[in-house]
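Hi everyone, thanks for coming along. Let's have a look together at the inside of this one.

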Amino acid sequence: LIPTAPSIGISDDKQFPTITQRVALTVRISRQDGTFYARDDIDDNTATTTASGTTSGASNSNPLNRVYSGRLVLGLFGTVAPVHVANFLRYCVTDAYDAASVGDETPRPSYGRSIFTKYDDATGLLEGGYIPGLEVSDIGGGSSLRYGSRILGPARLWIETSGVGDGGTGGNTIQRLDKVSHATGSGLLTHRILDPLPTFGITTRPSPQLDSTFVVFGRLLPD
């Protein structure tokens with residue numbers, strides 16, 4: 001689900017860190033009422049007019065009753081934001097069921113179930129990655145991630161530290177200090193610093209005001 005937002009440009013490759021992983025997200029674009037299915041109350045056909053001016057019966061699909069889909073291809077900066085990349089990849093699962101637990105049919109949280117919630121006109125940020133049912137709960141005096149009835153573990157912040165990264169493979173989660181600024185361009189993949197949830201944003205314009213509260217860990221690529 002993607003709310004109305006400006007088109008997102010692709011910035012020049014040379015000003016960005018090396019891309020260590022690529023992820024493709026297939027998205028469905030809803031109508032303004034939030035529905036994705038063909039509606040019975042909208043005529044699925046439209047009348048057509050020929051060059052001679054004769055109007056014929058309905059033969060074309062009505063755009064109002066059409067459901068659109070597309071792909072977002074994201075390149076991840078595992079050398080400069082390995083913690084963010086590793087956490088992001090945890091939710092990029094095609095099989096959302098826990099195969100490690102025999103007989104466990106409870107799905108794991110996945111971006112496959114997520115939605116884009118809004119477009120912030122003040123910052124130009126398209127906010128997405130909201131997974132319904134995934135929340136932070138206070139359990140035993142500490143914060144934990146809960147998904148439905150399952151407790152997934154401690155709700156850790158996606159914090160980077162100084163050092164040398166490993167490309168986001170999950171081994172050494174230490175980052176170099178060459179952060180990417182939100183002023184660099186549009187189409188940047190970013191995450192709020194104090195949010196343990198896997199929500200993310202995509203910038204639609206240079207937004208240097210986000211540098212103090214968000215971390216860039218990837219960017220939008222041509223499909």
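So, which residues of the largest nonpolar core touch the most other members? Before the answer, a word on the ground rules. This is a predicted model, where local features need pLDDT of at least 70 and side-chain atom pairs count only at pLDDT 80 or more, while totals for chains, interfaces and linings use all residues. Residues are numbered from 1 along each chain as its sequence is written, and side-chain values use heavy atoms, with hydrogens and water left out.

Now the answer: Phe 88, Leu 189 and Phe 200, in a core of 33 residues. By nonpolar core I mean buried Ala, Val, Leu, Ile, Met, Phe, Trp, Tyr and Cys residues joined through side-chain atoms within 4.5 Å. Buried is under 20% relative accessible area, exposed is over 50%, and partly exposed is in between, using a 1.4 Å probe and protein chains only. Among the elements that each supply at least two core residues are strand S1 (21–29), helix H1 (82–90) and strand S12 (214–221). Helices (H or I, at least four residues) and strands (E, at least two) are DSSP runs, numbered from the N terminus.

Let's stay with H1. Seven of its nine residues are buried, so H1 is largely enclosed by the rest of the structure. The buried ones run through Pro 82, Val 83, His 84, Val 85, Ala 86, Asn 87 and Phe 88. Their cover includes S1, S4, S10, S11 and S12.

Next, Phe 200. Leaving aside neighbours within four places in sequence, its contacts (heavy atoms within 4.5 Å) include Leu 25, Phe 88, Tyr 111 and Leu 189.

On to the rings. I pair Phe, Tyr and Trp rings (the six-membered one for Trp) if their centres lie within 6.5 Å; planes under 30 degrees apart are stacked, over 60 edge-to-face, and the rest tilted. That rule gives eight aromatic pairs. Tyr 111 and Phe 200 are edge-to-face, at 5.3 Å centre to centre and 80 degrees between the planes. Tyr 111 sits in the loop between H1 and strand S5 (118–120) and Phe 200 in strand S11, so this pair ties together parts 89 residues apart in sequence. Both Tyr 111 and Phe 200 are buried.

Trp 158 and Phe 217 have ring centres 6.5 Å apart and planes at 75 degrees, so they are edge-to-face too. Here the loop between strand S9 (150–154) and S10 holds Trp 158, and strand S12 holds Phe 217, so parts 59 residues apart are tied together.

Finally, ring pairs link Phe 88, Tyr 91, Tyr 111, Phe 116, Trp 158, Phe 200 and Phe 217 into a cluster. Thanks, all!
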